[in-house]
Amino acid sequence: MLQTPSGGAGSSGTAGAEGRPVSIGTVLNLLREEFPEVTISKIRFLEAEGLVEPQRTPSGYRKFSTADVERLAQVLRMQRDHYLPLKVIREYLDALARGERIQLPAPGQPRDALDLGEPGEDVEADSGPEHASAGPGGRTGRAELLEATGVTEGELTEWESYGLVTPHPDGGFAADSVAVARLVADLGRFGLEPRHLRAMKAAADREAGLVEQVVAPLRRHRNPQTRAHAEATARELAGLSVRLHAALVRSALQLRGQ
């Protein structure tokens, strides 16, 4: 039986009889007893993120040790129970390997309760002026959005016509709409009009669709913790998508500049 550093016991078992390394399919079966939503793609993703490093046979097949399975269970449990992003989980496990102890937030506590941030790192939410005060349901009123962004009613109406900013049926805007409006205004100063940004909006919609495909099964789960984990997973996937988009744009510009 596996035991996480935070005290949660799992039932994933050992890697194999007498601790022999096992295949990724066997790892999947071992983990699914406690994590029914885990997939081979998820295990490969965690490997790609450097959270586990299985051995490779001469023919390239992965072989996971008991310690690898234990580590995967720890990662999945910290995602499920504490809603932690992979970056924080990696830092925690690295600190644990150094013999250090870091206090995890209580199960179900928001992820920002764990103080592992680094100076200058990006955060999902900011308390700066670009964020207007949110009203009921975490939404911002039209007047508040105009005041927070400094744009005119005519500009906002044009952005709405292109789908760049979309109000809720009650007339309010999601909190992220403030950041979107400010970015659209900033791009406009370089001569990029709303019609030029339709391709970005279409790409964002496609990326959101991909994220939804991943988390939809989790959101339909009966277990409330699993449904909460779906939201944490969606945020993490969104962050990775944004980072990939930025890297692809930089790469394309570098190639054009050669």
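## Close-up views of a predicted model

**View 1. The buried side of helix 9.** In this predicted model, the buried residues of helix 9 are Thr226, His229, Ala230, Ala232, Thr233, Ala234, Glu236 and Ser241. Their cover includes helix 3, helix 4 and helix 8 (198-219). Helix 9 itself is built from 34 residues, and from its first C-alpha to its last it reaches 50 Å, close to the 50 Å expected at 1.5 Å a residue.

**View 2. A closer look at Thr233.** Find Thr233 within helix 9, which covers residues 224-257. Is Thr233 buried or exposed? Thr233 counts as buried because its relative accessibility is 12%, and the cut-off for buried is under 20%. Leaving aside residues up to four places away in sequence, Thr233 touches Val215 and Leu218. Both Val215 and Leu218 are among the buried residues of helix 8.

**View 3. Helix 8 and its bend.** Follow helix 8 along to Gln213, where the helix bends by about 35°. A proline, Pro217, follows within four residues of that bend. What span should helix 8 have at 1.5 Å a residue? With 22 residues, helix 8 should span 32 Å, and its end C-alpha atoms are 29 Å apart, which agrees. The buried residues here are Ala203, Val211, Val215, Ala216 and Leu218. Helix 9 is part of what covers them.

View 4. Side chains of opposite charge can pair when their charged atoms come close. Here, the side chains of Glu91 and Lys87 meet in a salt bridge, at 2.8 Å from N to O. Because Glu91 and Lys87 are four residues apart in helix 4, about one helical turn separates them. How do the two partners sit? Glu91 is buried, with a relative accessible area of 19%, whereas Lys87 counts as partly exposed at 35% relative accessibility.

View 5. Next, look for Arg142 and Glu153, whose closest N and O atoms are 2.9 Å apart in a salt bridge. Arg142 lies in helix 5 (residues 142-149) and Glu153 in helix 6 (residues 153-161), so this pair ties together parts that are eleven residues apart in sequence. Arg142 is partly exposed, at 25% relative accessibility. Glu153 is partly exposed too, with a relative accessible area of 38%.

View 6. How many salt bridges does a search of the whole structure find? The search finds 15. In one of the salt bridges, the side chains of Glu193 and Arg195 meet at 2.9 Å, N to O. Glu193 is partly exposed, with a relative accessible area of 38%, and Arg195 is partly exposed at 41%. Elsewhere, look for Glu34, Arg77, Arg80 and Asp81, which are linked in a network of salt bridges.

Terms used:
Residues numbered from 1 in each chain as written. Predicted model: local features only at pLDDT ≥ 70, side-chain atom pairs only at ≥ 80, totals over all residues. Heavy atoms only, no water. Helix = DSSP H or I, 4+ residues; strand = E, 2+ residues; numbered from the N terminus. Buried < 20%, exposed > 50% of the residue type's maximum accessible area, 1.4 Å probe, protein only. Contact = heavy atoms within 4.5 Å. Expected span 1.5 Å × (residues − 1). Bend = angle between axes of the 7 residues up to and from the residue. Salt bridge = Lys/Arg side-chain N within 4 Å of Asp/Glu carboxyl O.
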